[in-house]
Amino acid sequence: MLSKFEQVKQQWGGTSDVIDHWLMSRQQLLIDYCKLAGLPPFDNSKNQLPEASQLQLFSQQLVDYISAGHFKIYDMVMARWNDTGYSPTEDISLLYAKITQTTDPLLNFADRYCDADEASTMDDFDLHLSAVGELIEQRFALEDQLIELISESLACPPGA
């Protein structure tokens, strides 16, 4: 996921302040996921479950990322489009709908683990964390497609 992120950052970073903000938020979420999962470069060679504070931090950042996407970034894009006279295409609307399908399962994970403490049952944690990783990866792939469409739309407004 991190190498894919770097490719996206190289390709679309700097094209728009909206996209840059989105990518910075994504980078932090990826780092925190890798820490939580013990993925390189954050190796968890002891195979221990994360501390409650790590779970709470990741859960909050997951909620923040999703909220920023739905409420801040989308609003920033819409405002920019309104300024240029552009409106979303059917492709953009369909991608956004697919992205929103990942929202509830991700928020369910956050709800389940945001108040975790050391005594919480963690029986299925690895399974849940793996599923979240897959959902994040799916969401990022859809967002990458959306970023491309948004970037193109912002680069060439109607009538230009």
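What percentage of the 160 residues of the protein count as buried? In this predicted model, the share that counts as buried is 38% of the 160 residues.

**Overall make-up**

The protein has 6 helices and 0 strands, and its pattern, read along the sequence, is α-α-α-α-α-α. Of the contacts in the protein with a separation of 6 or more, 78% are between residues 24 or more positions apart.

**The cavity**

A search of the whole structure finds 1 cavity of 30 Å³ or more, and the volume of the largest cavity is about 100 Å³. The lining of the largest cavity is made up of 13 residues, of which Trp-22, Gly-69, Tyr-74, Tyr-96 and Leu-146 lie nearest its centre. At least two residues of this lining come from each of helix 3 (52–84), helix 4 (90–100) and helix 6 (125–155), and helix 3 supplies the largest share, with 5 residues. When the lining residues of the largest cavity are sorted by class, 10 are nonpolar, 1 is polar and 2 are charged.

**A buried arginine**

Arg-139 has its place in helix 6. Is Arg-139 buried or exposed? With a relative accessible area of 2%, Arg-139 is buried, because buried means a value under 20%. Leaving aside residues up to four places away in sequence, Arg-139 touches Tyr-65, Ile-66, His-70, Ile-99, Thr-102, Thr-103 and Leu-106.

**Aromatic packing**

A pair of aromatic rings is described by the distance of the centres and the angle of the planes. The count of aromatic pairs comes to 6. One of them is formed by Phe-58 and Phe-109, which are edge-to-face, with 6.1 Å from centre to centre and 75 degrees between the planes. This pair links distant parts of the chain, since Phe-58 lies in helix 3 and Phe-109 in helix 5 (residues 103–113), 51 residues apart. Phe-58 is buried, at a relative accessible area of 1%, and Phe-109, at 5% relative accessibility, also counts as buried.

Why is the pair of Tyr-113 and Phe-125 edge-to-face? The ring centres of Tyr-113 and Phe-125 are 5.3 Å apart and their planes stand at 80 degrees, so the pair is edge-to-face, because planes over 60 degrees apart are counted in that way. Tyr-113 lies in helix 5 and Phe-125 in helix 6, and the pair therefore ties together parts that are 12 residues apart in sequence. Tyr-113 is buried, with a relative accessible area of 2%, and Phe-125 counts as buried at 1% relative accessibility.

The two pairs are set out below.

| Ring pair | Distance between centres | Angle between planes |
|---|---|---|
| Phe-58 and Phe-109 | 6.1 Å | 75 degrees |
| Tyr-113 and Phe-125 | 5.3 Å | 80 degrees |

**A charge over a ring**

Another kind of ring contact involves Arg-26, whose charged end sits over the ring of Phe-140, at 4.4 Å from the centre of that ring.

Conventions
Residues numbered from 1 in each chain as written. Predicted model: local features only at pLDDT ≥ 70, side-chain atom pairs only at ≥ 80, totals over all residues. Heavy atoms only, no water. 1 Å grid on protein atoms, 1.4 Å probe; cavity = no way out; pocket = protein on both sides within 12 Å on 5 of 7 lines; lining within 4 Å. Points joined across faces, edges and corners; volume = space filled by probe spheres on them. Helix = DSSP H or I, 4+ residues; strand = E, 2+ residues; numbered from the N terminus. Nonpolar A, V, L, I, M, F, W, Y, C, P; charged D, E, K, R; others polar. Buried < 20%, exposed > 50% of the residue type's maximum accessible area, 1.4 Å probe, protein only. Contact = heavy atoms within 4.5 Å. Phe/Tyr/Trp six-rings, centres within 6.5 Å; stacked < 30°, edge-to-face > 60°. Lys NZ or Arg CZ within 6 Å of the ring centre and 35° of its normal.
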